[in-house]
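Here are a few exercises to work through with the model open beside you. Try each task before you read its solution.

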Amino acid sequence: MDLKHLPGHLARRFHQISTTLFDVEMSRVGLVLTPVQFAALVALRDRPDVDQATLAATIAYDRTTIGGVIDRLAEKGMVERNADPSDRRCKRLKLAPAGRDALAIAEPLVARSQQELVSSLSATEQEQLLGLMQKVVDALGDKSRTSRSH
């Protein structure tokens, strides 16, 4: 069996490369942020005052481990947690000013790392790759541990 012909192996390698490029860009400016933390910040910017479960579903992340992501972002002062007035057990999340500042720095860096990730492809090939990846996610996203794909 040739690993170069296994989509799962190639997807894992693609993810490794993507994460490395992301980390290189963040380290250049001294920003300590993971790809999942970045996704959480973007989601909170776009959907303020969501609960953790909704955030997890929005970024297709495991509900049981999103708490740790939020804990680390809150420790960095990037996310605020507030009790839901109608359900004190539920915490509503919103982007703190430090989170907005981090996003302002990170977004152009992430764009650069994502462009580098597909730089060996023509513009048409880049569109095809994204389209095919989205097609697989749309078809099989419910098979992952996250139950929802976005």
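Helices (H or I, at least four residues) and strands (E, at least two) are DSSP runs, numbered from the N terminus. This is a predicted model, in which local features need pLDDT of at least 70, side-chain atom pairs count only at pLDDT 80 or more, and totals for chains, interfaces and linings use all residues. Residues are numbered from 1 along each chain as its sequence is written, and side-chain values use heavy atoms, with hydrogens and water left out.

**Exercise 1. The fold**

Find which pattern the protein chain follows along the sequence.

Solution. Start with the inventory: the protein chain has six helices and three strands. Next, read along the sequence, which gives α-α-β-α-α-β-β-α-α.

**Exercise 2. Two packed helices**

Work out at what angle helix α2 and helix α4 pack.

Solution. Axes are lines fitted to C-alpha atoms, for helices over the stretch in contact, and angles run from 0 to 180 degrees between N-to-C directions. Helix α2 (residues 35–46) and helix α4 (residues 66–75) meet at about 80 degrees, and their axes are 10 Å apart. Therefore α2 is roughly perpendicular to α4 (angles under 35 degrees count as roughly parallel, over 145 as roughly antiparallel, 65 to 115 as roughly perpendicular and the rest as oblique).

Now look for the contact (heavy atoms within 4.5 Å). Helix α2 contributes Val-36, Gln-37, Ala-40 and Leu-41, while α4 contributes Val-69, Arg-72 and Leu-73.

**Exercise 3. An aromatic pair**

Identify which geometry the aromatic pair of Phe-22 and Phe-38 has.

Solution. Rings of Phe, Tyr and Trp (its six-membered ring) pair if their centres lie within 6.5 Å; planes under 30 degrees apart count as stacked, over 60 as edge-to-face and the rest as tilted. The count comes to one aromatic pair. Phe-22 and Phe-38 are 6.1 Å apart centre to centre with 65 degrees between the planes, an edge-to-face pair.

**Exercise 4. Burial and the core**

Decide whether Phe-22 is buried or exposed.

Solution. Buried means under 20% relative accessible area, exposed over 50%, partly exposed in between (1.4 Å probe, protein chains only). Phe-22 has 4%, so Phe-22 is buried. Phe-38 is buried too, at 13%.

Of its 27 residues, Met-26, Leu-33, Phe-38, Leu-41, Leu-55 and Leu-73 touch the most other members. Helix α2 gives the most to this core, with six residues.

Methods. Core = buried A, V, L, I, M, F, W, Y, C linked by side-chain atoms within 4.5 Å.
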